Amino acid sequence: MTFATHHLPAGSAADGPYVLDIWPEQAGWSHSSLRVLTLSPGSTHTFTAGDSEWIVLPLAGGCTVTVDGQSFELHGRKSVFEGVSDFAYVPRDARVTLGSGAGGRFALAGARCANRLTARHGPASNVPVELRGTGNCSRQVNNFAAADAFACDRLIAVEVLTPGGNWSSYPPHKHDEHHPGEESRLEEIYYFEIEGDAGLGYQRVSPSRSGGTDVLAEVRTGDAVLIPDGWHGPSVAAPGHTMYYLNVMAGPGAEREWLIRDHPDHAWIRATWPGQPVDPRLPLYTAGEAR
C-alpha cells in the first residue's frame, strides 16, 4: 500500500520504534528509504539491512553502531542546528545494532542496491560544507554523502540549512528523467526540522509532466515530503526560524550521480549570484565545529 499523499506530517508515517518509516513500496518507487529512530537513554535497537545500504546519521545525540563485527562510536551532536555529525555506513545484508547511553534521535537513510561495500565510519571533520546561492537564496549544504564526497553504491544524501526568511532548493529543479550528462533519475525524500518553538516553513513541488507531483505544504519538525518527480523548490524558511532538511536520493541509473535540470522560467536566477554576497549568517557552523 502506498502513501495517500506526498506530504507526510510528523507522526503520520510512524511504525513501531520509528517515528518516521518510509520504504520504497510505500512511496510508490523502487530505491529510496528513510527511517527516523528515537532511542531512550540506555536502550538499543537492532535491524537487518536487507537489500539496502544505509547511513546512520545522528540528528540529536550520539550512539554506538555495531555491524559486521565492528563497532563505530558516533559522537553525534546536540542538534542539527549545532554542528556537523559523524556517521556510519552500513552495507546491505548486514545485521545492525544501535545503542545510546544518553539517548537521541537518529536518521537511517537507505537505498536499495546490488553491491555490498565495506562498513565504515564517516568523520565529521571530513564532511564538505558548501555555501550555495547568495542573498536571500543563501543556504548551507553539508555534503556528507554527496555523490563525489563519500562512496556508496546507490545512496546520495546531504543536509541543507536555510536561515530564517531565505529560500533554498531554488531555482526549482528536477531529476526525474535520464539524460546522459545533463539529468539523472533520482527518487528523493525531504525530512524537515525547524528551529524554535512553533517554527514552520513551506515546500513546493510543481508538476514536470501531466498528472505529475503537485505539493504546496506547510512543513514543521518531523514532516517529510516525497518527490518521485517534478520541479522541487522553493523550500522557504519562515523569518526567525532556521530550516533544516535531510535529502535522501537514489535511482536506477547506471551511474551514481546528481545531475539536475533547472526550471526554464527560473534558471536565470543562478546568473545573478556571482559577485553577490552570501548571507552573513552563514555558515551556521563548519565541519568539526559546534555552535
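Guide: A nonpolar core is a set of buried Ala, Val, Leu, Ile, Met, Phe, Trp, Tyr and Cys residues joined through side-chain atoms within 4.5 Å. Buried means under 20% relative accessible area, exposed over 50%, partly exposed in between (1.4 Å probe, protein chains only). This is a predicted model: local features need pLDDT of at least 70, side-chain atom pairs count at pLDDT 80 or more, and totals for chains, interfaces and linings use all residues. Side-chain values use heavy atoms, without hydrogens and water, and residues are numbered from 1 along each chain.

Visitor: Which residues have the most contacts inside the largest nonpolar core?

Guide: They are Leu34, Ile55, Leu57, Phe144, Tyr244 and Leu246, in a core of 39 residues. Strand E21 gives the largest share, 4 residues. Another core, of 20 residues, lies apart and includes Tyr18 and Cys63.

Visitor: What is leucine 246 in contact with, leaving aside neighbours within four places in sequence?

Guide: Contact means heavy atoms within 4.5 Å. Among the partners of leucine 246 are Leu34, Phe144, Val158 and Ile189.

Visitor: Why are E13 and E21 called paired strands?

Guide: Strands are DSSP runs of at least two residues, numbered from the N terminus. Two strands pair if DSSP finds at least two bridges between them. E13 (residues 156–162) and E21 (residues 243–250) have 7 bridges, so they pair, in the antiparallel sense. Isoleucine 156 stands opposite methionine 249.
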